[in-house]
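Subject: Structure handover

Hello,

Here is the structure we discussed, with notes on what turned up in it. Please keep it open while you read.

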Amino acid sequence: MTLDRAVLVFAGIMVLLSVLLTWTVSAWFLWFTVFIGVNLIQSAFTGFCPAAMVLGKLGFQPGCAFEAK
């Protein structure tokens, strides 16, 4: 699995987790979903993705979209 796909899987899991927490715990967890969305948008424009940096250090090989630094 490339770094790009790992980031997409991680983002999907975080979105689903935030929806589950919003549904079961508190509506305030919608802010977690907002944070994830904003982070995805900024990474599309800047190329900076904290999750990609962490996953790159865990050994995932870079794909086309993200560079592990």
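A residue is called buried here if its relative accessible area is under 20%, exposed if that area is over 50%, and partly exposed in between. By that cut-off, buried residues make up 22% of the 69 residues in the protein chain. Please bear in mind that this is a predicted model.

Overall layout

The protein chain has 3 helices and 0 strands, so read from the N terminus its elements run α-α-α. Along the principal axes, the C-alpha atoms fill a box of roughly 35 × 25 × 15 Å. The accessible surface of the chain comes to about 5,100 Å², and 76% of that belongs to carbon and sulfur atoms. If you take the contacts between residues at least 6 apart in sequence, 56% of them join residues at least 24 apart.

Nonpolar side chains tend to be buried together in soluble globular proteins. In this model, the largest nonpolar core has 7 residues: Leu3, Ala6, Val7, Cys49, Ala51, Ala52 and Leu55. At least two residues of this core come from helix H1 (3-24), and at least two from helix H3 (50-57).

The surface

Which residues make the nonpolar surface patch of about 510 Å²? They are Trp28, Trp31, Val34 and Val38. Of these, Val34 sits in helix H2, which covers residues 30-46. Val34 counts as partly exposed because its relative accessibility is 42%, a value that falls between the 20% and 50% cut-offs.

Leu16, in helix H1, counts as exposed because its relative accessibility is 62%.

Around Thr22

Thr22 is another residue of helix H1. A polar atom of the Thr22 side chain lies 2.8 Å from the backbone oxygen of Ser18. What does Thr22 contact once its neighbours within four places in sequence are left aside? The contacts of Thr22 are then Ala27, Phe29 and Leu30.

Regards

Terms used. Residues numbered from 1 in each chain as written. Predicted model: local features only at pLDDT ≥ 70, side-chain atom pairs only at ≥ 80, totals over all residues. Heavy atoms only, no water. Core = buried A, V, L, I, M, F, W, Y, C linked by side-chain atoms within 4.5 Å. Buried < 20%, exposed > 50% of the residue type's maximum accessible area, 1.4 Å probe, protein only. Helix = DSSP H or I, 4+ residues; strand = E, 2+ residues; numbered from the N terminus. Patch = residues over 30% accessible without salt bridge, like charges linked within 9 Å, V, L, I, M, F, W, Y side chains within 5 Å. Areas by Shrake-Rupley, 256 points an atom, 1.4 Å probe, with all protein chains shown as cover. Salt bridge = Lys/Arg side-chain N within 4 Å of Asp/Glu carboxyl O. Contact = heavy atoms within 4.5 Å. Polar contact = N/O pair within 3.5 Å; in protein donor to acceptor, adjacent residues only side chain to side chain.
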